[in-house]
Structures are given as structure tokens and as C-alpha cells.
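Here is my note for your first look at this model. Please read it with the structure open beside you.

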Amino acid sequence: MKDLKKIILLFTVLVFFVQGKSFAQGIEFEHISLEEALEKAKAEDKMVFIDFYTVWCAPCKGMTKGVFPNEKVGTVYNRDFINVKLDAEKEGREAARKYNVHVYPTLMFLNGDGEMVYKATGAKGISGTLQMATDAVNALSSGYSLSDLKKQYESGNNDERFLKMYIEKMIGYKEYPVAAIDDWLKIQTEIKEDDVDMMEYLMEHFKYLIVGGKGEAILYANFDEYMDIATKAEETKLENLKYAIVKNTREQAYMQKSPELMRLYIDTWKKYPDDKKNVSDLKDYEMDYLLLAKEYDEYRKVATVYLDSVMNAKSLEQIRLDDAAYYKEYKETRYRPSLMGNAKLKELEKGREALEQTNIINRVARYYLRYCAEKKSDYKQLYKWIDYGSELIPDDYKMDELRSDALKKQGKIEEAIEYKEIALNKIPENSRVRSRVEKELEDLKK
Amino acid sequence: MKFIYTILILLAVTLSAGAQGINFEHSSLEEAIKKAKDENKILFIDGYAVWCGPCKKMASTVFKDEEVGQFFDEHLIALKVDVERGEGPMIKSRYGITALPGYVFIDGDGLVVYRFGAYMQKDAFMKEVKLALEYANDSNSVGRYAERYVTEKNDEKFVRKYLDILARSQSTNYTEVLEHYLSIQTTMKETDKEMVEFLAQHYQEIVFGGIADEIVQRNLGSEIWKLYVRKDVRAKFQKLPRSMVEKTTDYAILKKDTTILDIALDRAVEAGVKRSDETRKRAYTYYYLNAGEGEKYKAMVHDDIVNYINSLNIEQLREAYLDNLKRREEGDVQALATRPYAFREAQTITGLVNSYSKFVVSEEEKSEVVAWMKTAYDLLPGDATTMSDYANILYLFGNDKAKAIEIKEEAYEIALNDTKDHGKSTGILADIELMKSGEKITVF
């Protein structure tokens with residue numbers, strides 16, 4: 001046993017040594033701001049490589065440990081790029097917003113003017129990371145960098161061949177070329193609309209078709225013919241495609257911040273022939289529509305009615321009783337020990353309905369705070385909801401955070417700090433929101 | 001110990017005699033065929049493995065059914081074959097049992113009449129059985145056609161009929177007949193609907209480099225084929241690229257021809273598989289193993305196995321495994337949800353050793369495989385499967401057969417206490433019987 005410990009110790013030291021050694025030869029990330037990096041890149045005629053990460057993102061850690069320290073990777077990246085790491089929730093928050101980064105890690109290459117040349121998302125291995133460098137350099141030298149392509153498209157290039165290339169490149173960059181696909185489908189001369197190739201094209205590009213688009217029109221016009229070609233599996237895919245088009249419209253409404261698309265989604269969804277659809281969800285989308293359309297006065301009215309009705313629907317005691325009964329029933333009949341199962345059980349411990357209500361209040365009241373809270377009476381209303389929410393699950397941090405944010409907006413910084421600290425104390429050590437809240441607390445104290 | 005076996009065997013005998021259902025013969029294949037001929041019946045072979053769940057479900061439901069039993073008594077001789085033991089492996093390959101449970105019907109001349117497989121409900125099963133009997137009686141059996149094919153292979157109509165029957169009886173490995181037919185047939189044009197449907201029907205037999213392949217390459221995606229490649233036919237053509245890679249590899253093994261394997265590799269790259277030395281090596285390893293080219297196989301994998309085993313930190317893996325066991329006993333849910341790495345490594349070693357052991361000749365090689373397998377045994381102390389696998393290798397290649405049997409018996413005891421047995425104990429028990437009577441055992 002003692003020997004074993006020795007071996008383990010030796011092994012750990014060895015690993016540490018090997019890693020420590022190779023780290024020195026891996027990518028050397030510069031501890032400078034993005035602006036400084038861009039200046040430096042311009043001066044040295046290089047590109048900037050950014051690793052957008054967050055502290056809670058496991059694949060990011062994987063790359064930091066396993067890929068960036070690699071000697072080959074280091075040689076290439078140190079030669080061709082100015083390398084920076086940005087925590088998208090801390091110092092990199094502004095940059096992440098500017099370049100529309102929502103997925104981690106996002107690996108991005110910018111030219112000296114800060115224009116996006118190339119990007120990839122999700123962890124890459126060593127060969128993938130080397131390939132990425134080659135692709136980025138090629139994209140720049142071929143004149144088909146991400147921003148070049150976008151500029152060309154936006155300046156109205158609607159050549160059939162350009163559009164097709166643009167679409168596939170954008171999909172490769174994990175962008176959503178919804179409008180470009182629509183443009184291409186309208187003018188393309190390559191595929192007959194009733195042909196099996198068109199059926200395959202639509203199925204392959206199902207993520208990018210929306211209500212009212214050319215893709216939808218082609219699908220409905222040729223649906224019977226497609227069903228006559230489709231295999232069993234494809235029959236289901238084609239049926240699902242109709243549904244996907246509706247759902248995509250909603251996603252695009254959020255992505256493009258478009259009230260028109262949200263309206264289109266809601267109207268279509270109301271008429272959509274499906275008994276499984278949850279009509280109560282529509283209420284949330286109606287409210288999101290108001291936000292997208294910037295109809296804040298209307299939002300204030302609807303939110304007030306909605307949250308008051310949530311508060312008055314059931315007594316707290318009743319919610320506790322119902323939640324306890326549900327928890328017991330779940331634990332005894334449906335619970336199976338597994339990582340997911342345990343997590344779900346832990347959630348339910350807080351109370352199913354209590355949690356649901358907390359989330360509704362948090363979401364609706366948060367928008368209310370941001371867009372509607374002006375007068376003193378508005379705040380009074382808001383604190384009424386927060387008081388109620390705090391009673392629902394006393395050890396949940398969300399209401400304390402919301403209260404802190406409201407106090408901050410009112411200029412009551414001392415109290416805001418107090419509640420931010422209370423919230424932070426309630427957040428478990430391993431939670432992914434922790435680093436964000438820590439940062440916000442830090443900013444408040446300044 | 002012996003006492004327990006006796007009771008178990010007694011129990012098993014009484015149970016089967018008391019139950020109504022299919023009466024399976026306790027005889028060799030040859031005897032069963034003879035009995036079928038003498039009684040003018042058809043032989044039904046149930047190919048199973050001890051670990052196969054659907055096989056067991058079939059054995060405990062449909063095969064136990066009274067009505068099924070009566071029908072079988074009247075028309076069939078039934079033989080249960082463990083495809084991993086005794087005559088099993090030979091029967092499996094001779095009659096082309098590719099999935100389990102696999103059922104084969106054989107006439108008194110030892111010719112295949114029909115085959116099907118999988119767990120199914122009684123009605124579906126009986127429908128297939130009756131179909132088999134029908135085919136057996138109308139002189140159109142696959143076996144009879146196979147005999148006639150030798151002399152009548154230039155009769156286009158005959159070969160087409162033969163192909164229909166091959167497909168109907170769910171036969172495999174008839175690529176040669178298919179290719180031969182395409183080379184002599186005069187009734188179908190490439191652009192005919194009939195050709196499209198014909199190729200779809202036999203898609204699983206199409207290999208790279210053959211006539212069928214050429215026709216598909218020339219026409220798939222053409223305007224005229226688009227009219228016919230729809231629905232189920234389309235589904236089959238979608239499966240074709242993958243099926244062809246597998247089939248061509250098997251065909252290369254059958255023909256013992258590496259140039260065919262190279263074609264398969266090249267075309268796999270065209271179909272989107274990454275070209276790498278790794279892929280190539282894997283394909284060749286598989287080829288040498290299955291084509292029985294032992295020396296080449298060993299030369300190709302020997303150093304990899306040694307390097308792989310040397311790379312393992314046995315102590316650390318074992319400690320993690322033992323720790324997991326301990327925590328499981330304490331009811332640690334996280335431990336219950338994780339599977340220690342030692343299992344994966346031990347499985348890999350077992351797989352490598354079992355394949356390698358097919359070609360072990362010299363004393364040096366014998367002690368080498370025993371040492372390799374010992375590593376797996378050391379990784380998972382107290383794991384019935386690994387103990388049993390180690391005992392097999394020890395029995396086949398070690399110097400101490402008594403020790404092998406001892407470990408095997410220990411594994412049996414452990415397997416008996418395992419609530420999630422999955423037929424493990426039955427298999428181990430069967431092996432012990434073989435070992436005790438000094439017979440050969442088979443490893444996979």
C-alpha cells in the first residue's frame with residue numbers, strides 16, 4: 001500500500017513535470033486586452049486568435065489542458081497569430097457580445113481591423129486545431145474571410161453560384177444563412193422543385209427554413225410527390241420538417257430580434273394541427289413579442305396581470321403540500337439512481353411547482369425591471385413579487401439577485417451589494433452561475 | 001461441488017421432460033439429420049448463445065408452447081445448438097447463421113430449405129415454420145437448387161429462379177451467383193424498372209468491382225432511375241455504400257484475395273471514410289484473422305498487443321475498480337452509475353487474446369498469450385467473466401489444466417450469485433463439463 005502511494009506520487013510528479021515542460025512550448029497566450037492584441041496584430045501583420053471560454057465549460061478546460069500546450073500547435077499559433085484567451089463572462093464580455101458568441105469554446109480569428117476571418121465552435125483536438133489555423137490563413141488569403149463573404153452578400157451579390165458557396169460556408173461557420181437560402185431557392189436553376197434532389201436539399205437544410213419562405217412553399221407544393229419518393233424514415237422526417245419550419249421561425253425571431261417573425265410564429269402555431277402543443281406556452285411568446293416590438297407599456301400591463309394571477313392561484317401551504325406529495329410519488333415510483341436521476345431528484349426536493357413559479361417570476365419580473373420599472377409604484381409592484389418569490393424557496397438565490405439588481409437600478413448600492421452577497425452565499429460552489437455573480441459583485445463594489 | 005452439478009442436471013432433465021413444448025434432440029448433427037431422413041421430417045436447428053437474451057426469451061416462451069410442441073412433434077426434428085461450443089461453430093458457419101437466435105431448416109439430405117431468425121411471437125414464428133415446410137415439399141428448396149446450379153448455371157431462367165429462392169430463404173453469401181447471372185442475363189436492360197428492383201432485392205450481395213456495382217454507378221441518380229428509386233427501393237440503395245464496404249471485405253476473405261480488399265478500401269474512401277494507415281491496418285487485421293492467415297495476422301498485431309498491455313497502469317486501474325466495488329456496496333449512487341476503466345481494458349485484452357489464440361502454435365506463443373490474459377485477470381479480481389476467460393486460455397495453452405478448472409469453478413460460484421447473470425453461469429458450467437472430459441473448448 002505504501003509502495004502504491006509512492007508510485008502514485010511519482011506518477012503525479014511525472015505527469016506534472018511532463019505537462020509543465022510541454023506547456024512552455026505550447027501556445028503562449030498574451031495577457032493583453034483585445035484592443036492591444038489587434039494593434040499588435042496589425043503591426044506584425046498577423047491575425048488575432050481568441051479562445052472564448054468560461055470557467056464552467058468543461059470542453060474549454062479540455063483544450064487548455066490537452067491541446068494548447070501541444071508543441072506543434074504552439075509552433076504554428078505562436079508563429080501566425082497573436083493569441084488571447086477571453087473569459088466570455090468577465091473581461092471578454094463586451095467582445096463576446098460584439099462577435100455574437102454564445103457557445104463555448106468559440107475559437108475565433110480576427111484580422112488587424114477586428115473583422116472576423118474564421119471561427120469554429122466546440123472543442124477541437126490537436127489535428128483539428130492545426131487544421132483550423134490552416135483554414136483561417138486560407139480564408140484570409142483567398143479573400144473569402146467570414147466578414148468578406150458577409151460584406152459581399154449584404155451588398156447584394158445574388159449570383160446563383162456565389163449564394164450557394166456562401167450558404168455552405170456560413171453553415172460551416174455555424175451561422176444561420178436563412179435569408180441567403182431563401183434567395184438561392186428563388187433563383188436557382190440547378191434542381192427541379194419536384195425532384196428527389198430538392199427533397200434532400202430541404203431535409204439537409206431543415207434548420208434554416210422558416211414560415212413564409214421559399215423553402216416552405218416548395219415543400220408544401222411538392223409534399224405528395226416527396227412522400228411518394230420517401231423511405232419510411234424520410235416520411236417521418238418530412239412530417240417533422242413542417243413542424244421544424246414553425247419552430248425555426250420562433251428561433252429566428254429571437255436571433256434576429258424580429259417582432260414580425262414572432263407574430264408569424266404565434267399565428268402559425270395557433271393554427272398548427274397538433275393536439276400535443278402546449279397552448280399555455282403561447283402566453284410566454286405573446287409576452288416575448290411585446291418585448292421584441294418594444295411595446296413596454298403593454299408588457300407592464302400583461303406582466304402585472306400574469307404575475308398577480310400566479311401569486312393568487314394557490315396558497316403557499318397548498319403548493320408545499322402538493323410539491324411534497326409529488327416528490328414522494330416520484331422518489332418511490334419513478335426515480336432511478338443515475339447522474340441525471342440524482343440531479344432531477346435534487347431539483348424536485350425544492351418543490352416542483354415552487355421552482356416553476358420562481359422561474360416565471362424571475363423571468364417576467366426581470367424584463368419588467370429592465371424595461372418597465374420607472375416610477376416608485378412600479379418598484380413597489382416588483383418588490384411585492386420578489387417578496388412572494390423569496391418565500392417560495394428561501395434558499396434559492398434568484399430572488400435575492402433580482403432584488404439586488406432592482407436596488408442597484410434605484411441607486412441603492414449598499415443594499416444591492418448586501419443582497420448580491422446573500423445570493424452568492426446560496427449558490428453552490430460548483431455552479432456555473434457563480435463566476436458571473438462574483439464578477440457582478442466585484443463591479444458593484446467599485 | 002459435484003453434488004451441486006448433479007442436482008442441477010437432474011433438475012434440468014426433470015424440467016424439460018415435464019414441460020410441453022418442442023422436444024429438442026440430445027444428439028449430434030449427423031444423428032439428427034439421419035433421424036429426419038428416416039422419419040421423413042425436416043430438421044429444425046435453433047442456433048443460440050448462452051448470453052443471448054432473445055434466445056432465452058424464445059426458449060422460455062414460444063418453444064415451451066404446447067401447440068408449437070405438438071406441431072414440431074408431428075413434422076420436425078429439433079436440435080438446439082450452442083453456436084460457441086462443441087459442433088456449434090462448425091454448424092454456424094456451414095449453415096450461415098449470422099444473427100442470434102438463428103433458425104435453419106434442413107432436409108434429410110442435409111440441404112438448407114429455409115432460414116430465419118430473431119425473437120418473435122408465436123404466431124409470427126409458426127407462420128415462418130409453415131412456410132419452411134412448404135418450401136421443403138415443393139422441390140424448390142435452396143439446397144436442391146444449389147446442387148442443380150453446378151450443372152445448370154448457364155440456363156438464365158434457372159439461375160434467376162435460384163436467385164429468387166436465395167433471397168426468399170434469406171440466404172447470404174451468394175455474390176457469385178448474382179454476378180454470374182448479370183453476366184449472362186439477356187432479359188433486363190440497365191434502365192428497366194425491373195433491373196432497379198432486382199438490384200434492390202439483392203443489394204446485400206453487391207460488391208465493389210462487380211457488374212452490379214458498375215450498373216449502379218452508371219445509373220444511380222439518372223433521370224430514369226429516379227423514377228424507380230423510391231420508397232423501399234430507395235431505402236435499400238441508401239444502405240448500399242456501407243453494405244458494399246462490409247460485403248466486399250467478406251468477399252475478399254471468401255476469395256482469399258487482398259486485391260479485392262484494396263478495392264474495398266479505396267472505395268470506402270470515396271464514400272467518405274478517412275484514408276489512413278489506421279483504417280488500412282484494421283481492415284487487413286480483420287482480413288488475416290478471418291481468412292485464417294495466422295502468420296501474417298500475428299506479425300501484424302503482436303507488437304501492438306505488447307505495447308498496449310505495457311501501456312496500462314494495472315495497479316492503478318485495479319485500485320479504482322476495487323474502490324468502485326467498495327463504494328457500490330455502501331450504496332454510493334455515483335459509483336453505481338460509473339463503470340471503472342478496468343472493465344474496458346480487460347475486455348479489450350480478452351478480445352485481442354481470443355483472436356490471437358486461434359493461431360498460437362509454439363510454446364513461446366502459448367506462454368505469451370497466457371501472460372497477456374493474466375493481465376486482464378489481474379485487472380478485475382473477482383469478476384466472473386474475466387476469470388472464466390482467463391481459465392479458458394489457461395486450459396488451452398497453460399501447463400496446469402487442473403488450475404484452469406479450479407479458476408473456472410470459482411468463476412461459476414461467483415456467477416451464480418450475480419443477480420444480473422445474463423446466462424454467464426450456464427456458459428461457464430457447460431465449459432467446465434467440456435474441460436473435465438478433456439475436450440476442446442472454443443474462445444471468441
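**Notes on chain B**

1. The centres of domain 2 and domain 3 of chain B, taken over C-alpha atoms, lie 42 Å apart. Domain 1 covers 20-138, domain 2 covers 145-277 and domain 3 covers 313-436. These bounds come from an automatic or database domain assignment.

2. A word on the basis. This is a predicted model, where local features need pLDDT of at least 70, side-chain atom pairs count only at pLDDT 80 or more, and totals for chains, interfaces and linings use all residues. Residues are numbered from 1 along each chain as its sequence is written, chains are lettered from A and ligands numbered from 1 in the order in which they are written, and side-chain values use heavy atoms, leaving out hydrogens and water.

3. Now the whole chain. Chain B has 23 helices and 5 strands. Helices (H or I, at least four residues) and strands (E, at least two) are DSSP runs, numbered from the N terminus. The C-alpha trace spans about 70 × 60 × 45 Å along its principal axes. Of the 444 residues in chain B, 46% are buried. Buried means under 20% relative accessible area, exposed over 50%, and partly exposed in between (1.4 Å probe, protein chains only).

4. Look at contacts next. A contact means heavy atoms within 4.5 Å. Among contacts in chain B with a separation of 6 or more, 65% join residues 24 or more positions apart.

5. Helix α14 of chain B runs through residues 258-270. Its 13 residues reach 19 Å from first C-alpha to last, close to the 18 Å expected at 1.5 Å a residue. That expected span is 1.5 Å times one less than the number of residues. After α14(B) comes B:Gly272, with a positive phi near 110°.

6. Which residues of α14(B) are buried? They are B:Ile260, B:Leu261, B:Ala264, B:Leu265, B:Arg267 and B:Ala268. Their cover includes α11 (211-219), α13 (231-255) and α15 (277-291) of chain B. An α-helix has 3.6 residues a turn, so residues three or four places apart point the same way.

7. B:Thr249 sits in helix α13 of chain B. Leaving out residues up to four places away in sequence, B:Thr249 touches B:Leu261, B:Ala264 and B:Tyr286. B:Thr249 counts as buried because its relative accessibility is 12%.

8. Compare B:Glu74, in helix α4 (residues 66-75) of chain B. Is B:Glu74 buried or exposed? B:Glu74 is exposed, because its relative accessible area is 57%. B:Glu74 and B:Lys420 are 346 residues apart in sequence and 38 Å apart in space, C-alpha to C-alpha.
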